[in-house]
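Let's take a friendly walk through the aromatic rings and nonpolar cores of this protein. Please have the model open as you read.

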Amino acid sequence: MTEKKKALKLPEAGGWQDKAAPWLALAGGVLTTIGFLLTFLYAPLVNGAAVDGVEMIGGQMVSNMLLLSQKIFYFHMPVAITSFVALAFTAYYGIRFLMTKEKRFDTCGKIATEIALVFILCTMFSGEMWERFEWGVWWTWEPRLTTYFILMLLVIAYFILRNAIDDPERRATYASVFGIIAFVDAPICFMITRLIPSGVHPTIFRTDSGLSPDMLLPLLVSMFGMFMIAFALYRFRFRQVRLSERVEAIKEALED
(Lines give C-alpha, C1' and ligand atoms only; values in the text may rest on other atoms or scores of the structure.)
Protein backbone atom coordinates (compact mmCIF):
# COMPACT_ATOMS: atom_id res chain seq x y z
CA MET A 1 0.00 0.00 0.00
CA THR A 2 2.87 2.33 0.86
CA GLU A 3 4.57 1.63 -2.44
CA LYS A 4 1.38 2.53 -4.31
CA LYS A 5 1.09 5.81 -2.46
CA LYS A 6 4.68 6.64 -3.27
CA ALA A 7 4.11 5.71 -6.89
CA LEU A 8 1.17 8.09 -7.02
CA LYS A 9 3.41 10.88 -5.75
CA LEU A 10 5.85 10.51 -8.60
CA PRO A 11 6.14 13.77 -10.61
CA GLU A 12 4.10 13.64 -13.79
CA ALA A 13 5.89 13.48 -17.12
CA GLY A 14 4.86 13.10 -20.74
CA GLY A 15 1.46 14.08 -22.10
CA TRP A 16 0.21 15.43 -25.40
CA GLN A 17 2.28 18.59 -24.99
CA ASP A 18 5.51 16.58 -25.10
CA LYS A 19 4.30 14.70 -28.16
CA ALA A 20 3.44 17.97 -29.88
CA ALA A 21 6.72 19.68 -28.92
CA PRO A 22 8.88 18.27 -31.79
CA TRP A 23 6.23 19.23 -34.33
CA LEU A 24 5.92 22.70 -32.84
CA ALA A 25 9.70 23.08 -32.97
CA LEU A 26 9.65 22.06 -36.63
CA ALA A 27 6.73 24.38 -37.44
CA GLY A 28 8.43 27.20 -35.54
CA GLY A 29 11.66 26.66 -37.47
CA VAL A 30 9.78 26.70 -40.77
CA LEU A 31 7.84 29.86 -39.87
CA THR A 32 10.98 31.61 -38.66
CA THR A 33 12.82 30.68 -41.85
CA ILE A 34 9.92 31.95 -43.96
CA GLY A 35 9.91 35.15 -41.91
CA PHE A 36 13.62 35.69 -42.52
CA LEU A 37 13.21 35.02 -46.25
CA LEU A 38 10.37 37.53 -46.40
CA THR A 39 12.57 39.96 -44.50
CA PHE A 40 15.24 39.95 -47.20
CA LEU A 41 13.14 39.21 -50.29
CA TYR A 42 9.82 40.96 -49.61
CA ALA A 43 10.14 43.67 -46.95
CA PRO A 44 11.61 47.01 -48.07
CA LEU A 45 14.87 48.24 -46.58
CA VAL A 46 13.11 51.09 -44.78
CA ASN A 47 9.64 52.49 -45.48
CA GLY A 48 10.05 54.42 -48.73
CA ALA A 49 13.82 54.64 -48.37
CA ALA A 50 16.30 53.75 -51.10
CA VAL A 51 19.68 55.36 -51.51
CA ASP A 52 22.36 55.39 -54.12
CA GLY A 53 25.59 55.70 -52.18
CA VAL A 54 25.11 57.98 -49.15
CA GLU A 55 22.16 60.35 -48.68
CA MET A 56 20.60 62.46 -45.92
CA ILE A 57 17.38 60.87 -44.60
CA GLY A 58 15.62 62.30 -41.57
CA GLY A 59 18.63 64.39 -40.64
CA GLN A 60 20.97 61.38 -40.70
CA MET A 61 23.51 60.27 -43.26
CA VAL A 62 22.26 56.91 -44.51
CA SER A 63 24.02 54.30 -46.65
CA ASN A 64 22.87 50.99 -48.14
CA MET A 65 24.76 49.18 -45.36
CA LEU A 66 22.81 51.12 -42.73
CA LEU A 67 19.51 50.36 -44.44
CA LEU A 68 20.41 46.67 -44.67
CA SER A 69 21.26 46.56 -40.96
CA GLN A 70 17.60 47.37 -40.26
CA LYS A 71 16.85 43.75 -41.20
CA ILE A 72 18.18 42.77 -37.77
CA PHE A 73 14.95 44.26 -36.41
CA TYR A 74 12.94 41.32 -37.81
CA PHE A 75 14.90 38.95 -35.54
CA HIS A 76 15.49 41.36 -32.67
CA MET A 77 11.89 42.26 -31.93
CA PRO A 78 10.40 38.71 -32.06
CA VAL A 79 12.98 37.35 -29.59
CA ALA A 80 12.41 40.36 -27.30
CA ILE A 81 8.62 39.86 -27.28
CA THR A 82 9.13 36.13 -26.70
CA SER A 83 11.30 36.89 -23.66
CA PHE A 84 8.47 39.04 -22.24
CA VAL A 85 5.95 36.24 -22.77
CA ALA A 86 8.24 33.71 -21.08
CA LEU A 87 8.64 36.04 -18.08
CA ALA A 88 4.87 36.41 -17.90
CA PHE A 89 4.70 32.65 -17.35
CA THR A 90 7.44 32.95 -14.71
CA ALA A 91 5.21 35.37 -12.81
CA TYR A 92 2.11 33.23 -13.38
CA TYR A 93 3.73 30.06 -12.05
CA GLY A 94 5.25 32.05 -9.18
CA ILE A 95 1.78 33.19 -8.13
CA ARG A 96 0.42 29.63 -8.49
CA PHE A 97 3.21 28.28 -6.29
CA LEU A 98 2.64 30.90 -3.59
CA MET A 99 -1.05 29.99 -3.60
CA THR A 100 -0.70 26.19 -3.60
CA LYS A 101 2.89 25.40 -2.52
CA GLU A 102 2.96 22.69 -5.20
CA LYS A 103 6.48 21.88 -6.36
CA ARG A 104 5.49 21.48 -10.00
CA PHE A 105 4.64 25.19 -10.25
CA ASP A 106 8.11 26.06 -8.99
CA THR A 107 9.57 23.73 -11.61
CA CYS A 108 7.46 25.35 -14.34
CA GLY A 109 8.50 28.83 -13.19
CA LYS A 110 12.18 27.92 -13.18
CA ILE A 111 12.00 26.46 -16.70
CA ALA A 112 10.04 29.47 -18.00
CA THR A 113 12.77 31.73 -16.62
CA GLU A 114 15.45 29.61 -18.30
CA ILE A 115 13.65 30.03 -21.63
CA ALA A 116 13.29 33.76 -20.94
CA LEU A 117 17.04 34.04 -20.33
CA VAL A 118 17.82 32.32 -23.65
CA PHE A 119 15.69 34.84 -25.55
CA ILE A 120 16.96 37.76 -23.48
CA LEU A 121 20.52 36.88 -24.48
CA CYS A 122 19.42 36.63 -28.14
CA THR A 123 17.78 40.04 -27.79
CA MET A 124 20.88 41.61 -26.27
CA PHE A 125 23.16 40.08 -28.93
CA SER A 126 20.99 41.17 -31.87
CA GLY A 127 20.48 44.57 -30.27
CA GLU A 128 24.22 45.08 -29.89
CA MET A 129 24.77 44.19 -33.55
CA TRP A 130 22.06 46.59 -34.65
CA GLU A 131 23.42 49.31 -32.35
CA ARG A 132 26.91 48.90 -33.75
CA PHE A 133 25.63 49.31 -37.33
CA GLU A 134 23.17 52.12 -36.56
CA TRP A 135 25.12 54.31 -34.16
CA GLY A 136 28.70 53.11 -34.49
CA VAL A 137 28.94 52.18 -30.77
CA TRP A 138 28.43 48.97 -28.83
CA TRP A 139 26.34 50.51 -26.07
CA THR A 140 24.43 53.66 -25.15
CA TRP A 141 22.29 54.35 -22.09
CA GLU A 142 19.08 54.79 -24.05
CA PRO A 143 15.85 54.27 -21.95
CA ARG A 144 14.74 50.93 -23.43
CA LEU A 145 18.29 49.55 -23.57
CA THR A 146 18.80 50.49 -19.92
CA THR A 147 15.52 48.98 -18.68
CA TYR A 148 16.11 45.80 -20.70
CA PHE A 149 19.65 45.53 -19.34
CA ILE A 150 18.19 45.76 -15.83
CA LEU A 151 15.74 43.00 -16.80
CA MET A 152 18.61 40.75 -17.87
CA LEU A 153 20.40 41.37 -14.55
CA LEU A 154 17.22 40.53 -12.64
CA VAL A 155 16.83 37.23 -14.48
CA ILE A 156 20.47 36.32 -13.83
CA ALA A 157 19.97 37.26 -10.16
CA TYR A 158 16.96 34.90 -10.08
CA PHE A 159 19.23 31.92 -10.74
CA ILE A 160 21.88 33.18 -8.34
CA LEU A 161 19.20 33.36 -5.65
CA ARG A 162 18.03 29.81 -6.38
CA ASN A 163 21.57 28.46 -6.13
CA ALA A 164 22.19 30.33 -2.86
CA ILE A 165 19.34 28.66 -0.92
CA ASP A 166 19.53 24.99 0.07
CA ASP A 167 16.08 24.47 1.57
CA PRO A 168 13.75 23.51 -1.33
CA GLU A 169 10.61 25.22 0.00
CA ARG A 170 12.36 28.46 0.95
CA ARG A 171 14.16 28.44 -2.42
CA ALA A 172 10.90 28.01 -4.29
CA THR A 173 9.14 30.71 -2.25
CA TYR A 174 11.89 33.31 -2.63
CA ALA A 175 12.34 32.48 -6.32
CA SER A 176 8.61 32.84 -6.95
CA VAL A 177 8.51 36.27 -5.33
CA PHE A 178 11.65 37.38 -7.14
CA GLY A 179 10.32 36.08 -10.47
CA ILE A 180 7.18 38.18 -10.05
CA ILE A 181 9.31 41.24 -9.25
CA ALA A 182 11.50 40.60 -12.31
CA PHE A 183 8.43 40.41 -14.55
CA VAL A 184 7.35 43.89 -13.43
CA ASP A 185 10.25 45.28 -15.49
CA ALA A 186 8.92 43.64 -18.69
CA PRO A 187 5.94 45.99 -19.22
CA ILE A 188 8.19 48.89 -18.24
CA CYS A 189 10.60 47.90 -21.04
CA PHE A 190 7.70 47.64 -23.48
CA MET A 191 6.07 50.96 -22.49
CA ILE A 192 9.20 53.03 -21.93
CA THR A 193 9.21 54.47 -25.46
CA ARG A 194 5.67 55.74 -24.85
CA LEU A 195 6.65 57.25 -21.50
CA ILE A 196 10.00 58.60 -22.73
CA PRO A 197 9.84 59.04 -26.54
CA SER A 198 13.01 57.95 -28.31
CA GLY A 199 13.95 58.06 -31.98
CA VAL A 200 16.22 55.08 -31.37
CA HIS A 201 13.36 52.73 -30.45
CA PRO A 202 10.21 53.83 -32.29
CA THR A 203 6.76 52.74 -31.08
CA ILE A 204 5.73 49.83 -33.32
CA PHE A 205 2.43 48.62 -31.86
CA ARG A 206 0.08 51.60 -31.99
CA THR A 207 -3.34 52.49 -33.37
CA ASP A 208 -2.04 53.88 -36.67
CA SER A 209 0.43 50.94 -37.06
CA GLY A 210 4.09 51.85 -37.08
CA LEU A 211 4.86 49.42 -39.93
CA SER A 212 3.54 49.04 -43.45
CA PRO A 213 1.89 45.67 -44.32
CA ASP A 214 4.95 44.49 -46.27
CA MET A 215 7.08 45.06 -43.15
CA LEU A 216 4.53 43.79 -40.64
CA LEU A 217 3.98 40.43 -42.37
CA PRO A 218 7.56 39.06 -42.01
CA LEU A 219 7.71 40.43 -38.47
CA LEU A 220 4.56 38.59 -37.38
CA VAL A 221 5.55 35.37 -39.17
CA SER A 222 8.93 35.41 -37.40
CA MET A 223 7.28 36.23 -34.08
CA PHE A 224 4.82 33.34 -34.19
CA GLY A 225 7.69 31.06 -35.22
CA MET A 226 9.65 32.21 -32.15
CA PHE A 227 6.65 31.56 -29.91
CA MET A 228 6.44 27.98 -31.17
CA ILE A 229 10.18 27.42 -30.73
CA ALA A 230 10.03 28.82 -27.19
CA PHE A 231 7.12 26.56 -26.22
CA ALA A 232 8.88 23.53 -27.73
CA LEU A 233 12.08 24.33 -25.79
CA TYR A 234 10.00 24.72 -22.65
CA ARG A 235 8.41 21.29 -23.11
CA PHE A 236 11.75 19.63 -23.93
CA ARG A 237 13.29 21.07 -20.78
CA PHE A 238 10.17 20.33 -18.68
CA ARG A 239 10.22 16.69 -19.73
CA GLN A 240 13.91 16.41 -18.87
CA VAL A 241 13.46 17.94 -15.41
CA ARG A 242 10.36 15.93 -14.57
CA LEU A 243 11.99 12.66 -15.61
CA SER A 244 14.97 13.52 -13.40
CA GLU A 245 12.60 14.20 -10.52
CA ARG A 246 10.87 10.86 -11.12
CA VAL A 247 14.23 9.08 -10.96
CA GLU A 248 15.07 10.85 -7.69
CA ALA A 249 11.67 9.99 -6.24
CA ILE A 250 12.13 6.32 -7.15
CA LYS A 251 15.60 6.30 -5.57
CA GLU A 252 14.21 7.78 -2.35
CA ALA A 253 11.37 5.21 -2.34
CA LEU A 254 13.84 2.34 -2.77
CA GLU A 255 16.07 3.68 0.00
CA ASP A 256 13.07 3.85 2.36
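In H6, the buried residues are Leu145, Thr147, Tyr148, Leu151, Met152, Leu154, Val155, Tyr158, Phe159 and Arg162; buried means under 20% relative accessible area, exposed over 50% and partly exposed in between, with a 1.4 Å probe and protein chains only. Helices (H or I, at least four residues) are DSSP runs, numbered from the N terminus. The model is predicted, so local features need pLDDT of at least 70 and side-chain atom pairs count only at pLDDT 80 or more, while totals for chains, interfaces and linings use all residues. Residues are numbered from 1 along each chain as its sequence is written, and side-chain values use heavy atoms, with hydrogens and water left out.

What about the rings? The structure holds 9 aromatic pairs. Rings of Phe, Tyr and Trp (its six-membered ring) pair if their centres lie within 6.5 Å; planes under 30 degrees apart count as stacked, over 60 as edge-to-face and the rest as tilted. Here are two of these pairs:

| Pair | Centre to centre | Angle between planes | Class |
|---|---|---|---|
| Phe84 and Tyr148 | 5.9 Å | 65° | edge-to-face |
| Tyr234 and Phe238 | 6.1 Å | 20° | stacked |

Phe84 lies in helix H4 (residues 73-100) and Tyr148 in helix H6 (residues 143-164), so their pair ties together parts that are 64 residues apart in sequence. Phe84 is buried, with a relative accessible area of 13%, and Tyr148 is buried with 6%.

Tyr234 and Phe238 sit 4 residues apart in helix H8 (residues 213-255), separated by about one helical turn. Both of these residues, Tyr234 and Phe238, are buried. Elsewhere, ring pairs link Phe89, Tyr92, Tyr93 and Phe105 into a cluster.

Now to the cores. A nonpolar core is a set of buried Ala, Val, Leu, Ile, Met, Phe, Trp, Tyr and Cys residues joined through side-chain atoms within 4.5 Å. In the largest one, with 26 residues, Phe84, Ile120, Tyr148 and Leu151 touch the most other members. H4, helix H5 (103-135), H6, helix H7 (168-195) and H8 each give two or more residues to this core, and H4 has the largest share, 7 residues. A second, separate core of 15 residues includes Tyr93, Cys108, Met226 and Ala230.

Which residues does Tyr148 contact, leaving aside its neighbours within four places in sequence? They are Ala80, Ser83, Phe84, Phe119, Ile120, Thr123, Met124 and Cys189, where contact means heavy atoms within 4.5 Å.
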